[in-house]
Amino acid sequence: MRIIRSAALAAFVLLLAPAFAHADPPPIFTPEEQCETTRTLVDNVRAAKPEATPEEIADAFVNYMDSMGAYNRVPQAKESDRQITLGNIERCGLA
């Protein structure tokens with residue numbers, strides 16, 4: 001009986017292992033949704049400042065998020081979001 005319980009427990013643990021093996025979760029948004037959201041951001045910033053560069057657009061985004069308290073507990077996420085926004089602007093052809 002003890003061997004059966006041990007084998008069942010080992011099988012259960014092995015079934016869970018793949019769930020924890022991935023370092024990054026799957027993306028929340030599709031690439032198309034990311035481009036659509038980034039396009040809206042670019043359009044909004046350029047409505048106020050038509051000559052805004054990608055860097056200025058990314059800065060406007062992270063500054064807005066910062067003003068909303070988004071980076072209070074994780075300040076390093078500000079630069080990460082800035083780089084992601086710049087990458088999306090480039091990838092989506094919005095520069």
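A residue is called buried when its relative accessible area is under 20%, exposed when over 50% and partly exposed in between, using a 1.4 Å probe and protein chains only. In those terms, the face of helix α4 turned away from its buried side carries the exposed residues Q76 and E90. The model is predicted, so local features need pLDDT of at least 70 and side-chain atom pairs count only at pLDDT 80 or more, whereas totals for chains, interfaces and linings use all residues. Residues are numbered from 1 along each chain as its sequence is written, and side-chain values use heavy atoms, with hydrogens and water left out.

- Helices are DSSP runs of H or I with at least four residues, numbered from the N terminus, and α4 comprises the 16 residues 76–91.
- Because the expected span is 1.5 Å times one less than the number of residues, α4 should span 22 Å, and the 23 Å between its end C-alpha atoms agrees with this.
- Buried in α4 are R82, T85, L86, N88 and I89.
- Viewed down the axis of α4, these buried residues fall within an arc of 160°, and they therefore line one face of the helix; the arc is taken from the directions that run from the helix axis to the C-beta atoms.
- Following α4 is G93, whose phi is positive, near 70°.

- Contact means heavy atoms within 4.5 Å, and the cover over the buried residues of α4 includes α2 (31–48) and α3 (54–67).
- With axes fitted as lines to C-alpha atoms over the stretch in contact, and angles running from 0 to 180 degrees between N-to-C directions, α3 and α4 come within 9 Å and cross at roughly 140°.
- The two helices α3 and α4 are therefore oblique to each other, in a scheme where angles under 35 degrees count as roughly parallel, over 145 as roughly antiparallel, 65 to 115 as roughly perpendicular and the rest as oblique.
- Residues of α3 including I57, F61 and V62 take part in the meeting with α4, where the partners include R82, L86 and I89.

**Packing against α2, and N88**

- The axes of α2 and α4 lie 9 Å apart at an angle of about 100°, and the pair is therefore roughly perpendicular.
- That contact is made by P31, Q34, C35, T38, L41 and V42 of α2 with T85, N88, I89 and R91 of α4.
- N88, placed in helix α4, counts as buried because its relative accessibility is 12%.
- Neighbours within four places in sequence aside, N88 is in contact with Q34 and T38.
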